Amino acid sequence: MSDTYLGMPSFRQAAKASTKDTRLRANLTHATHTIRDKRARAVAELDDWAQLRQAGKRIKDQTLRHLDTYLVQLEQQVTAAGGTVHWAADAAEANRIVADLVKATGESEVVKVKSMATQEIELNEALAAEGITAYETDLAELIVQLGEDRPSHILVPAIHRNRGEVRDIFTEKMGEWGRPAPEGLGDSPAELAEAARLHLREKFLRAKVGISGANFMVAETGTLVVVESEGNGRMCLTLPETLISVVGIEKVVPSWRDLEVFLQLLPRSSTAERMNPYTSLWTGTSDGDGPRDFHLVLLDNGRTDALADEVGRQALRCIRCSACLNVCPVYERAGGHAYGSVYPGPIGAILTPQLRGTASAIDASLPFASTLCGACYEVCPVAIDIPEVLVHLREQVVDQGGPGHRAERAVVRAGTWLLDHPAALGAVERLASKTRKLHPKRLPIAAAKAWTDSRDLPELPAAPFRDWWEKNRR
């Protein structure tokens, strides 16, 4: 990838640039409106959608309350089924574990299933530093990788690209990574998909190591679940001799009965399908079927800290459907790259600051990357109250200080004192009314400029209300 997320400017600065990209905005508007309209129709088919949504919420909350118990049960079941479980406290430990496992096989190439967790820890870059090449096999992830780009959407990482751009990327870059694109490649979806299929097939057949994430892990049996639409995931999960799965600890569900709820919620909320074309499940290893070695890397990387926050922990319910992105007016205009995280949009605005902290400019700005309109909460299949968490995180960011927040606090203190002293407040009001013709329509103060650039200040009346009341109340 051309850039990493660390060191990015604040969301406001990044969005100021991205909103001026007319092609980006056109691509995003077309894609998000198409997806959300399809999702609305798919959800409307179910009379019990509201009940399913509440069931998903309750299952996730109950699991998070007893996460330690279910993770131990999961480890026992995976081990009993022939797999090996590794625990990673952070990204560095997870990357080291995976790199060591790959090097132990003697291989220098791996094929990957689309995985948010491996993007979060920047596994591809860590493997490259160890001389190991990771090939993305999801079509959108392939586009991002070949284009030396960064993902901008949870479900469709290349949503910011149109068909013409994809064709150009395939034509220029495929040959550097393997089989080149066919001569005279057009930009129709069928042609682009066929070019990707031919390019990836040789990698599937050659690879000895596969790397995946998982949508869910079933504690009672040690089963992992990957849902996808293209079939590349199944190729990666079944053909290699060694399979390594990196999964966040919050992805566990207690039982198969619980899994049934999420296999209804996820496809309709993400791809607007009744069920995913490919739902792959595996439990450990089996003689003569699938990988001979299976390793599960359970990733914390800030999740325990998020779990300790009684308000913020609801972000860990997220099943990565991306429904909140597709209805968010801020995401639609700013694009995913402005969020400076592999998790863009409303869910990224509450999840990333909890996983990474708010020490950097980009992370401290994310809770403010929202209008608090509530559309994200309305479509969330597990009822995450994203606006509530955003306000909660804003309070934390303000409490930790910073130039803008210190100035805001000083203004609030001054306002509080003024409201506690009626005589002083009256004097200020009378002075403001008498000088109202001298007032600017916009504030020159830097902190308020972004607000008043698009809004005129209200005109003050000729006399304060308290003076009018004294004159007219009798």
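**The parallel sheet**

Reply: Six strands make an open sheet, ordered β1-β10-β7-β4-β2-β3, with parallel pairing. The model is predicted: local features need pLDDT of at least 70, side-chain atom pairs count only at pLDDT 80 or more, and totals for chains, interfaces and linings use all residues. Residues are numbered from 1 along each chain as its sequence is written, and side-chain values use heavy atoms, with hydrogens and water left out.

Me: What counts as a helix, a strand or a pair of strands here?

Reply: Helices (H or I, at least four residues) and strands (E, at least two) are DSSP runs, numbered from the N terminus. Two strands pair if DSSP finds at least two bridges between them. In general, strands of a sheet pair through backbone hydrogen bonds, either parallel or antiparallel. The protein chain comes to 23 helices and 10 strands.

Me: Which strands stand at the edges of the six-stranded sheet?

Reply: The edges are β1 (84–88) and β3 (133–136). Each has a single partner strand, so one side of each is left without a neighbour in the sheet. From one strand to the next, the twist averages 25 degrees.

Me: How many bridges join β2 to β4?

Reply: Two bridges join β2 (residues 109–112) to β4 (residues 209–212), and the strands run parallel. Opposite V111 stands G210 in β4. K112 has I211 of β4 as its bridge partner. On to β3: β2 pairs with β3 in the parallel sense over four bridges. There, V110 stands opposite A134.

Me: Which strands does helix α5 lie across?

Reply: Contact means heavy atoms within 4.5 Å. Axes are lines fitted to C-alpha atoms, for helices over the stretch in contact, and angles run from 0 to 180 degrees between N-to-C directions. Helix α5 (residues 91–105) lies across β1, β2, β4, β7 and β10 (293–299). Helix α5 runs at about 145 degrees to β1.

**The mixed sheet**

Me: What is the strand order in the four-stranded sheet?

Reply: The order is β8-β5-β6-β9, in an open sheet with mixed pairing. β8 (252–253) and β9 (278–283) are at the edges, each with a single partner strand, so one side of each has no neighbour in the sheet. β6 (residues 223–228) pairs with β9 in the antiparallel sense over six bridges. E228 has Y278 of β9 as its bridge partner.

**Helix packing**

Me: At what angle do α8 and α9 pack?

Reply: Angles under 35 degrees count as roughly parallel, over 145 as roughly antiparallel, 65 to 115 as roughly perpendicular and the rest as oblique. Helix α8 (residues 139–146) and helix α9 (residues 163–177) pack at about 75 degrees, with axes 9 Å apart. That makes α8 roughly perpendicular to α9. The contact includes L142 and I143 of α8, and F170 and W177 of α9.

**Buried residues**

Me: Is P240 buried or exposed?

Reply: Buried means under 20% relative accessible area, exposed over 50%, partly exposed in between (1.4 Å probe, protein chains only). P240 is buried, at a relative accessible area of 1%. P240 sits in the loop between α11 (232–238) and β7 (242–248). Leaving out residues up to four places away in sequence, P240 touches V111, G210 and P291, among others. P240 and P291 are 51 residues apart in sequence, yet 5.8 Å apart in space, C-alpha to C-alpha.

Me: Which residues have the most contacts inside the largest nonpolar core?

Reply: A nonpolar core is a set of buried Ala, Val, Leu, Ile, Met, Phe, Trp, Tyr and Cys residues joined through side-chain atoms within 4.5 Å. The largest has 104 residues, and F11, F170, L296 and I350 have the most contacts inside it. Another core lies apart from it, with 21 residues, among them L101 and V246.

**Positive phi**

Me: Where does E122 lie, and what is its phi?

Reply: Most residues other than glycine have a negative phi. E122 has a positive phi, near 55 degrees. E122 lies in the loop between α6 (116–120) and α7 (123–129). At 26% relative accessibility, E122 counts as partly exposed. R320 also has a positive phi, near 60 degrees. R320 counts as buried, at 9% relative accessibility.
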